[in-house]
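I opened this notebook to record a few look-ups in one structure. The entries follow in the order in which I made them.

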Amino acid sequence: METIWVLENVKRDKSFYNRLQVLLLVASISLWRKYHPKHYTVFYGDNMSLEQIHNLQIENLWHETRHLSYPEKINREIFWSSPKTKIISETQIPILVIDHDFLIFRNIDEHLSDELMFTY
């Protein structure tokens with residue numbers, strides 16, 4: 001199962017990466033890996049986000065980091081989750097999309113399958 005985090009700096013400003021946001025991201029991936037060690041984890045980020053996790057030396061928390069390529073011209077401050085939708089629409093494998101501020105405290109594999117599943 002591929003589990004992904006998608007972070008795009010919609011403000012195009014370093015202030016986007018405040019202490020709370022970064023700590024939540026680190027806690028999210030750390031807890032996920034603790035309770036789901038068999039999941040393959042991927043971080044998708046725009047240039048600024050990839051640079052930020054590199055500078056903080058936390059890119060090794062994920063199995064892989066990928067450049068987020070989303071050239072469509074829409075207002076990202078309003079449609080901030082559109083890159084997630086794009087990744088979902090292009091995937092050919094089962095994935096889980098995790099928000100950077102989602103914290104989990106137990107394994108939920110028993111509720112997951114390779115079948116199509118949506119949650120809000």
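This is a predicted model: local features need pLDDT of at least 70, side-chain atom pairs count only at pLDDT 80 or more; totals for chains, interfaces and linings use all residues.

**Entry 1**

Residues are numbered from 1 along each chain as its sequence is written, and side-chain values use heavy atoms, with hydrogens and water left out.

S1 and strand S4 (residues 95-98) pair in the parallel sense over 4 bridges. Strands are DSSP runs of E with at least two residues, helices are runs of H or I with at least four, and both are numbered from the N terminus. Two strands pair if DSSP finds at least two bridges between them.

S1 also runs parallel to strand S2 (residues 40-45), joined to it by 6 bridges. Tryptophan 5 stands opposite phenylalanine 43 in S2.

**Entry 2: burial of S1**

Is S1 enclosed or open? I found 6 of its 6 residues buried, so S1 is largely enclosed by the rest of the structure. Buried means under 20% relative accessible area, exposed over 50%, and partly exposed in between (1.4 Å probe, protein chains only). Glu2, Ile4 and Val6 cover one side, and Thr3, Trp5 and Leu7 the other.

**Entry 3: positive phi**

Arginine 12, not a glycine, has a positive phi of about 55°. I recorded arginine 12 as partly exposed, at 48% relative accessibility. Glutamine 57 is not a glycine either, and its phi is positive at about 55°. Glutamine 57 is exposed, with a relative accessible area of 63%.
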